Amino acid sequence: MAPTIFHLEGITNRPVQNGPKPKLQRTRKDTNRHCSRYRWLFSLLLLLFIILFQWRYLFVVLTRIQNNHDFYSSIMDSPIIPNHTVRTKEDFIKAYHRLMNLPKDSTRRVAFVTFSHVKEEDDDAEKLFQFLLPAVDTWAAPLAREESSFSSSSSSYGYEIMLYVVLSHQSQRPFEKHCNAYKNNKLCSRLRPIYVNCPEGKRGTGPCCKQQEGLRTLFEGKEYPLYDWYGFFDDDVYLRKEYVVKNLQLFEPHFPMALTSRSNDAKYLGHLDNTCHERGPQFQYPWGMPIFYSRGAMHHLSKGLRANGLVKQCNAFRVSHDVGNAIFHWMHSLRIAKLPPMASLPKVRSDYIGSHWVGRSDMEETYHLQPRDRNKPKLQPLPKGSFSFYETHKLWTSSPELAKPPEMHQLFATMERRWYTNVTGYRQTLTYARHREPTSWPEGVWHTMEVEDCNPTKRKEELQGL
């Protein structure tokens, strides 16, 4: 019987002999056909890898935004991003880079800035001896490294804090005269004066000018270091500085924003009769005292400060610095977050960042309500000296309940409550209709917004003619 001949593709045609079967030899075409069943799986894995790689950076960004609440909406509403053109992933990343690429050569420091005046006569040097020197001997005294709650390798908070005092040129000679006395040298060395060309006065132009020129000089002066945060407040304020810094660490200093005590709830712009007639929520804004500006906010506001914008707005609305800076910030659409509350003496609470009315002799005879019976409150005068910085310092540090503030997560149920509503009411004013955003104005130019410019009736009539 003749042997069977197999004609198989890819196999040499030859007679099949008795014995072991021949091995089949695969060609390249057979190999490709065999692997084709796994190609779809390999392609799918490669596609997933490419997608994850492309979105990896965005995931990092979104993770950071989640840790620092409202950052996404802050970028979307930020006045630094022109025309609010963030629409796609690429736009968002560009906007994020623009905000983050502000100068970062700071050394994690906080500048505490107050303002005051000093007179020549010893009897009239009350501000120096009852406010400034006791402040640097109590709450603003430098902390030992081992006592600081911020002594870590990644942060120098706690021993990088400086108290600046803004003084007019009229106060320079008496300030130096009193500080040259041997008994005051140690405390005076803890104060760093900033002399500015401003008028004296408890309210109005004087305080507005000192805030404007003091912050501008500190931020732009080459002789001063760069800070992450710039705080400004009255000289009769006692601050728990470590507690304040803990709150500041929750936010990004490169982003243009400010923080103020949440006891300064949003109010209508201006004061008394000098207010905007508009009563919508977009015309409400928190007053700024005390207020802490991020380094990004100082970049954002610096052109307006150089143009004398804060003083002009204070004069237009006939208000002082704490009310005037709210108008100035509102015109710049500056985002404001909340610090824990602060109350005037004698009210104290563990979550307060400090006290107001400290060191004021006119408060010694102040009467306060006894909380035992609210239906029949009893008026009782406070003992003499109860408002001094030393008594206030003893009050805050001697009580275990007051000495330890609450943890950050206990202050706000959610991070959303840490921000005031981002208002854009300035874009409804005549000033905006005529001149647009202050950041777009030429250097040295400030178009003052008058009280009438936010009058809805007048605004409607003039906008129809524009």
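Modeller: Here is a short tour of helix packing and the cores. This is a predicted model, where local features need pLDDT of at least 70, side-chain atom pairs count only at pLDDT 80 or more, and totals for chains, interfaces and linings use all residues. Residues are numbered from 1 along each chain as its sequence is written, and side-chain values use heavy atoms, leaving out hydrogens and water.

Colleague: At what angle do α11 and α12 cross?

Modeller: Roughly 115°, with the axes of α11 (residues 309-317) and α12 coming within 9 Å. Axes are lines fitted to C-alpha atoms, for helices over the stretch in contact, and angles run from 0 to 180 degrees between N-to-C directions. Helices are DSSP runs (H or I, at least four residues), numbered from the N terminus.

Colleague: Which residues of α11 and α12 make the contact?

Modeller: On α11, Gly309, Leu310, Gln313, Cys314 and Phe317. On α12, the list includes His321, Ile327 and Phe328. Contact means heavy atoms within 4.5 Å.

Colleague: New topic. Which residues touch the most other members of the largest nonpolar core?

Modeller: Leu218, Tyr230, Tyr293 and Trp330, out of 53 residues. A nonpolar core is a set of buried (under 20% relative accessible area, 1.4 Å probe, protein chains only) Ala, Val, Leu, Ile, Met, Phe, Trp, Tyr and Cys residues joined through side-chain atoms within 4.5 Å.

Colleague: Which helix gives the largest share of this core?

Modeller: Helix α12 (residues 321-331), with 6 residues.

Colleague: And what does Leu218 touch?

Modeller: Among others, Ala111, Val113, Tyr164 and Tyr230, not counting residues up to four places away in sequence. Apart from this core lies another, of 49 residues, including Phe112 and Phe292.

Conventions:
Buried means under 20% relative accessible area, exposed over 50%, partly exposed in between (1.4 Å probe, protein chains only). Helices (H or I, at least four residues) and strands (E, at least two) are DSSP runs, numbered from the N terminus.
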